[in-house]
Amino acid sequence: MKAVIQRIKYADVCVDGKEISRVENGLLVLLGVHNTDNEETAKLLAKKCANLRIFTDENDKMNKSVLDINGEILVISNFTLCADTKKGNRPSFIEAMEPKTADELYNLYCEELNLNGVKKVGRGVFGADMKVSLLNDGPVTIILDTDTWSKK
C-alpha cells in the first residue's frame, strides 16, 4: 500500500457536486492499494498513520500524532498511486489491485484507523470521480509505502 499523507487544517470531498465528507485539523490520506497488498498491510499502514508524529508540540517540534491532537482523517482511494512509469510516458496500472478486493482493503484500512484511536475517519467513494479540496498545513507531506518496509 502507498499513502500520501498531508497535514491539513481542513479537507473535504465532493461527488456529483455534493460534499460527502469533511474533516478538520488532521490528515488527508490518498491511499493506493497494490495487487500484492493484504489485510496485514492495511493494518500495519493504519497503525503507522495514526501514530505518525507530524504535528508540532509546544517547542515547535514534530512530536505529536493525529491521536495526540484529537485530529481527524479523510481517506481517499487513489489507484493512480500504483502507477508504473518505468517505460514510456503513459502510466501502466497493472500493479493496482482489482477493484473489489482493493475496496475491501480500503475499508479495512479506514476501520483500523478507528480501532487505533482516530475518532473521525471521513471517506471518499471508492471508484468515483471525486473532487478533493484541502488547506494544507505547513505544508507537510509524507509518503509511506509498505513495500519499502519489507525490503532489506
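1. Start with His-34. Setting aside neighbours within four places in sequence, His-34 is in contact with Met-1, Lys-2, Leu-81, Cys-82, Glu-95, Ala-96 and Met-97. The residue sits in the loop between strand S2 (18-32) and helix H1 (39-51). His-34 is buried, because its relative accessible area is 7% and the cut-off for buried is under 20%. Note that this is a predicted model.

2. Next, the main core. The largest nonpolar core has 30 residues. Those with the most contacts inside this core are Ile-5, Val-75, Tyr-109 and Leu-113. Two or more residues each come from strand S1 (2-15), S2, H1, strand S5 (72-77), helix H2 (99-115) and strand S7 (130-145). H2 gives the largest share, seven residues. In soluble globular proteins, nonpolar side chains tend to be buried together.

3. Beyond its neighbours within four places in sequence, Leu-113 is in contact with Ala-46, Cys-49, Ala-50, Ile-73, Val-75, Val-118 and Val-121. Val-75 is also listed among the residues with the most contacts inside the largest core.

4. There is another core, apart from the largest one. This other core has nine residues, among them Ile-8, Val-13, Leu-74 and Ile-76.

5. Now the pocket. Rolling a probe the size of a water molecule over the atoms shows where empty space is left. The largest pocket has a volume of about 400 Å³. Its lining counts 21 residues. Nearest the pocket's centre lie Ser-77, Asn-78, Phe-79, Thr-80 and Gly-127. S2, S5, H2 and S7 each give two or more residues to the lining. What is the make-up of the lining in nonpolar, polar and charged residues? The lining divides into 15 nonpolar, four polar and two charged residues.

6. Aromatic pairs come next. The count is two. Phe-79 and Phe-93 both lie in the loop between S5 and H2, so the pair ties together parts that are 14 residues apart in sequence. Phe-93 is partly exposed, with a relative accessible area of 33%. Phe-79 also belongs to the residues nearest the centre of the largest pocket.

7. The other pair is Tyr-106 with Phe-126. Ring centres are 6.0 Å apart and the planes of Tyr-106 and Phe-126 are at 50°, so this pair is tilted. Tyr-106 lies in helix H2, and Phe-126 lies in the loop between strand S6 (120-123) and S7, so the pair ties together parts that are 20 residues apart in sequence. Tyr-106 is buried, at 2% relative accessible area. Phe-126 is partly exposed, at 29%.

8. Backbone points to check. The peptide bond from Gly-138 to Pro-139 is cis, with omega near -5°. Pro-139 is found in strand S7.

9. Asp-60 is placed in the loop between strand S3 (55-56) and strand S4 (62-64). Is Asp-60 buried or exposed? Asp-60 counts as exposed, because its relative accessibility is 62% and the cut-off is over 50%. Asn-70 is found in the loop between S4 and S5. At 57% relative accessibility, Asn-70 counts as exposed.

How values were computed
Residues are numbered from 1 along each chain as its sequence is written. This is a predicted model: local features need pLDDT of at least 70, side-chain atom pairs count only at pLDDT 80 or more; totals for chains, interfaces and linings use all residues. Side-chain values use heavy atoms; hydrogens and water are left out. Helices (H or I, at least four residues) and strands (E, at least two) are DSSP runs, numbered from the N terminus. Buried means under 20% relative accessible area, exposed over 50%, partly exposed in between (1.4 Å probe, protein chains only). Contact means heavy atoms within 4.5 Å. A nonpolar core is a set of buried Ala, Val, Leu, Ile, Met, Phe, Trp, Tyr and Cys residues joined through side-chain atoms within 4.5 Å. On a 1 Å grid over the protein atoms alone, a cavity is a set of points where a 1.4 Å probe fits but cannot get out, and a pocket is an open set with protein on both sides within 12 Å along at least five of seven lines; lining residues have an atom within 4 Å of a point. Grid points are joined across faces, edges and corners, and a volume is the space filled by probe spheres set on the points. Ala, Val, Leu, Ile, Met, Phe, Trp, Tyr, Cys and Pro count as nonpolar, Asp, Glu, Lys and Arg as charged, and the others, Gly among them, as polar. Rings of Phe, Tyr and Trp (its six-membered ring) pair if their centres lie within 6.5 Å; planes under 30 degrees apart count as stacked, over 60 as edge-to-face and the rest as tilted.
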